[in-house]
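I opened a new structure today. My notes follow the order in which I looked things up.

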Amino acid sequence: MTIDSHHHFWQYNPAEYGWIDDAKKSIRRDFLPADLQAVLAAAKIDGAISVHARQSLVETDWLLALADQHPFLRGVVGWVPLASADIESVLHRYAANKKLRGVRHVVHDEPDDRFILGEAFNHGVSLLRKFDLRYDLLIFDEHLPVTIEFVDRHPGQVFIVDHIANPRIKIGEIDVWKRNLTELAKRPNVYCKLSGMVNRADFQSWTSAALKPYYDAVLNIFTPSRLMYGSDWPVCTVACGYQKWVETVRDWTQPLSAAEQARIFGQTAVEAYGL
């Protein structure tokens, strides 16, 4: 089974998707299951994991409903109010739907760089194992040191790094990111998504060769056993089509063994998310 571990759906409106600025105006439209199913079929990808694009329970409800209607949607990473006083009852209700495989918070948009260390937030995260839920880490590279501190508070929790921790590819920054990500990866409960890279590069002029040092780094840091393919579709389409991205990753992984390629293109996601 081949899996795209990271994509989004939305019914576009400017009020709820203000982050889609003029540089991304090509994605100011609806993206729904039929759209994704077509590109997955063309790329020979069997299934996908839906990740929330809005921080609301309405969004989580919607994604779970779509996953129940479409079997190729193998799981959902939703949003829940982790810092809420009644988070345990919320988790009890939502975890009853086995398509919910994880949750996340848009940490990199929080004005407080130490948000992830908040007491109430960490209490919510501490409950996730009880409900067999993973936590997706959506951060920028500058948040890696505080993320290491956060992860160390939850040694038994499965964490999955979105978008290789968003290094500053456009300006070629790699050394500090690589050093901090290497330290984070010493925790065996941390996985990483090979996604979002084109959106941290120059949309028009990125090349596979310019991105490959970042791929080489995460391959070495996490190995195929903890690395998984993701597209970040449709956000990736501001820089490249789905087929171009999957072919780029397939070209990079071609020197690996068949077993290692199978890990990156599906088995790691199946293991990490318990699909």
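A disulfide is a covalent bond between the sulfur atoms of two cysteines. I kept in mind that this is a predicted model.

**Entry: cysteines.** I looked up Cys 240. The closest cysteine sulfur is that of Cys 236, and the gap is 5.3 Å, so it is too far for a bond. I checked Cys 236 too, and its closest partner is Cys 240, at 5.3 Å. My count is 0 disulfides. Are these residues buried or exposed? Cys 236 is buried, with a relative accessible area of 0%. Cys 240 is buried as well, at 5%.

**Entry: helix α3.** I turned to residues 87-94, which form α3. Which of its residues are buried? I noted Ile 87, Val 90, Leu 91 and Tyr 94. An α-helix has 3.6 residues a turn, so residues three or four places apart point the same way. What do the buried residues of α3 pack against? I listed α2 (57-69), β4 (100-106) and α4 (119-126).

**Entry: cores.** The largest nonpolar core has 89 residues. Tyr 135, Phe 150, Trp 177 and Met 197 touch the most other members. Helix α7 (residues 208-222) gives this core its largest share, 8 residues. Apart from this core lies another, of 10 residues, including Ile 49 and Ala 269. I then followed Met 197. Leaving out residues up to four places away in sequence, Met 197 touches Ile 164, Ile 169, Leu 211, Tyr 214, Tyr 215, Trp 245 and Trp 252.

Methods
Residues numbered from 1 in each chain as written. Predicted model: local features only at pLDDT ≥ 70, side-chain atom pairs only at ≥ 80, totals over all residues. Heavy atoms only, no water. Disulfide = S-S within 2.5 Å. Buried < 20%, exposed > 50% of the residue type's maximum accessible area, 1.4 Å probe, protein only. Helix = DSSP H or I, 4+ residues; strand = E, 2+ residues; numbered from the N terminus. Contact = heavy atoms within 4.5 Å. Core = buried A, V, L, I, M, F, W, Y, C linked by side-chain atoms within 4.5 Å.
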